[in-house]
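The sequence and structure come first.

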Amino acid sequence: MPDFRSHTLYLVRHGECEHNAAGWAAGHDDSPLTAKGREQARANGRVLAEIADVTALEFHASSLHRTCTTMELLREAAGLPPNGYRADGRLMEGNLGDHARVPVQDFLRHEGYAADPWNYVRPNGESHAMIFARVSRFLDSLARDAVIVTHMLPAQMIRAHYLGLSPEQGMGYHMPNAGLLRLSMGSEAAFGR
Amino acid sequence: MSLRFTLYVARHGQTDANVANRYPGRRETPLTTLGREQARAMGRALLAELGPRPTLKFVASPLGRAQATMRLIRAELELQPDGFASDARLLDIDHGDWTGLTPQEVRARFPENFAEHTGGRWDVPMSGGESYGDLAARVESFLAEIDSNVVTVSHGATSQMLRGLPVGIDPVRITQLPETQGVVFRVRDNVVTQLDS
């Protein structure tokens with residue numbers, strides 16, 4: 001019986017990417033980190049090395065470019081070989097389908113989404129319920145304490161699921177680009193700058 | 001065991017030990033600023049559910065983090081903060097020799113006990129402390145004596161028992177329930193519901 005709540009999870013959002021800097025939702029776009037985003041990733045690696053025994057952890061990153069780069073910079077700053085992690089498609093950001101390359105505020109205001117944010121399926125994309133299903137399967141596959149580098153929506157969902165909050169409460173949480181959140185013993189603690 | 005009354009289950013807000021990621025056991029550890037906010041949020045959720053100055057029982061664990069949380073909840077309900085009972089059966093699970101350590105430190109110092117407890121939490125006690133089965137027995141005893149609607153403030157593992165035992169969730173599943181802070185659960189008619197907050 002997998003029990004992801006028995007593990008300590010270090011949840012990291014990717015550093016600032018070019019879409020973030022421009023105020024666009026990135027979805028599955030290939031959006032490289034900015035110089036600021038690269039420094040945020042390194043800073044999180046240094047913090048992680050202070051608060052955790054990094055040699056005892058599993059490392060998982062969403063398979064998108066910005067999260068893999070964040071993971072590699074984080075691992076290097078934590079004194080680890082950059083490539084010793086697993087890329088996992090289940091940790092990818094929500095697929096925006098036809099709504100990719102839309103400013104964030106327009107994308108949140110879309111009427112179908114506003115009417116039922118959990119179940120609305122974006123054309124050729126995903127609903128929050130679909131994202132949660134794959135994220136949840138990922139969590140059930142964890143064998144040890146883990147570092148998870150992912151995106152806003154999966155981070156909100158993992159936090160809410162771990163803490164037992166409702167989806168609405170979960171979606172109200174803003175995970176900043178520099179965010180590093182430890183989930184352990186049923187409680188959360190935020191690190192990072 | 002099925003309950004004839006409505007039970008409200010709250011865990012204390014975030015503490016210094018939560019932030020330090022250390023097993024608190026029976027040691028005192030104060031609420032953080034976030035923990036006090038979480039306590040007030042639980043009070044507001046109960047205010048929306050019960051209205052001001054509700055007439056039901058209030059029982060907290062004797063540990064300071066639960067007592068402080070209860071006082072903040074009662075203030076939101078426009079009640080005298082100190083007018084509640086304490087019950088040692090709602091104490092946190094006894095972490096024994098693990099008390100004050102991080103999970104990483106426990107794994108290094110007590111590798112066999114850590115592995116055995118993690119593999120069978122219901123039956124294997126933490127070294128010098130309790131098993132989840134031990135905790136379940138004292139919470140069962142508390143539940144058996146409930147004779148009115150009641151608000152409880154306790155701890156992570158204790159709150160898992162208070163939600164799981166009355167509705168018959170199996171032991172393994174009970175220990176996997178979330179140990180939510182800042183949220184109140186209502187247990188009534190064999191259904192556990194999270195109050196809106």
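In this predicted model, His95(B) touches Tyr23(B), Gly25(B), Met126(B) and Gly129(B), leaving aside residues up to four places away in sequence. His95(B) itself lies in the loop between β3 and α4 (103-109) of chain B. Is His95(B) buried or exposed? Because 23 C-beta neighbours lie inside 10 Å, and 20 or more are required, His95(B) counts as buried. Ala45(B) is 50 residues away from His95(B) along the chain, and the C-alpha atoms of the two are separated by 31 Å.

**The sheet of chain B**

Chain B has an open sheet of six strands, in the order β3-β2-β4-β1-β5-β6 and with mixed pairing. Its edge strands are β3 (85-86) and β6 (191-194), each of which pairs on one side only. Strands of a sheet pair through backbone hydrogen bonds, either parallel or antiparallel.

Strand β5(B), residues 184-188, pairs with β6(B) in the antiparallel sense, over four bridges. Within this pair, Phe185(B) stands opposite Gln194(B) of β6(B), and Arg186(B) has Thr193(B) in β6(B) as its bridge partner. The hairpin of β5(B) and β6(B) has two residues between the strands, and in this hairpin Asp189(B) takes a positive phi near 50°.

**Two helix pairs**

Two packed helices are described by the angle between their axes and the distance between the axes. One pair from each chain is set out below.

| Helix pair | Residues | Angle | Axes |
|---|---|---|---|
| α6(B) and α7(B) | 132-144 and 156-164 | roughly 60° | within 10 Å |
| α2(A) and α3(A) | 35-51 and 65-77 | about 45° | 7 Å apart |

In chain B, α6(B) and α7(B) cross at roughly 60° and are therefore oblique to each other. Their crossing is right-handed. On the α6(B) side the contact is made by Tyr132(B), Leu135(B), Ala136(B) and Val139(B), and on the α7(B) side by Ala157(B), Thr158(B), Met161(B) and Leu162(B). By class, this contact of α6(B) with α7(B) has seven nonpolar residues, one polar residue and no charged residues.

In chain A, α2(A) and α3(A) pack at about 45°, so these helices are oblique to each other. α2(A) passes α3(A) in a right-handed crossing. From α2(A), the contact is made by Arg38(A), Ala41(A), Arg42(A), Asn44(A), Gly45(A), Arg46(A) and Leu48(A); from α3(A), by Thr70(A), Leu73(A), Leu74(A), Arg75(A), Glu76(A) and Ala77(A). The classes in this contact of α2(A) with α3(A) are five nonpolar, three polar and five charged residues.

**Contact between the chains**

How many residues does the contact take from chain A and from chain B? Chain A gives 18 residues and chain B gives 16 residues. On the side of chain A that touches chain B, the elements giving two or more residues are α7 (152-163), β5 (180-184) and β6 (187-191) of chain A. By class, that side of chain A has seven nonpolar, seven polar and four charged residues.

How values were computed:
Residues are numbered from 1 along each chain as its sequence is written. Chains are lettered from A and ligands numbered from 1 in the order in which they are written. This is a predicted model: local features need pLDDT of at least 70, side-chain atom pairs count only at pLDDT 80 or more; totals for chains, interfaces and linings use all residues. Two strands pair if DSSP finds at least two bridges between them. Axes are lines fitted to C-alpha atoms, for helices over the stretch in contact, and angles run from 0 to 180 degrees between N-to-C directions. Angles under 35 degrees count as roughly parallel, over 145 as roughly antiparallel, 65 to 115 as roughly perpendicular and the rest as oblique. A crossing is left-handed if the near helix is turned anticlockwise from the far one by less than a right angle, and right-handed if clockwise. Two residues are in contact if their C-beta atoms, placed from the backbone, lie within 7 Å. Ala, Val, Leu, Ile, Met, Phe, Trp, Tyr, Cys and Pro count as nonpolar, Asp, Glu, Lys and Arg as charged, and the others, Gly among them, as polar. A residue is buried if 20 or more other C-beta atoms lie within 10 Å of its own, exposed if 12 or fewer, and partly exposed in between; C-beta atoms are placed from the backbone.
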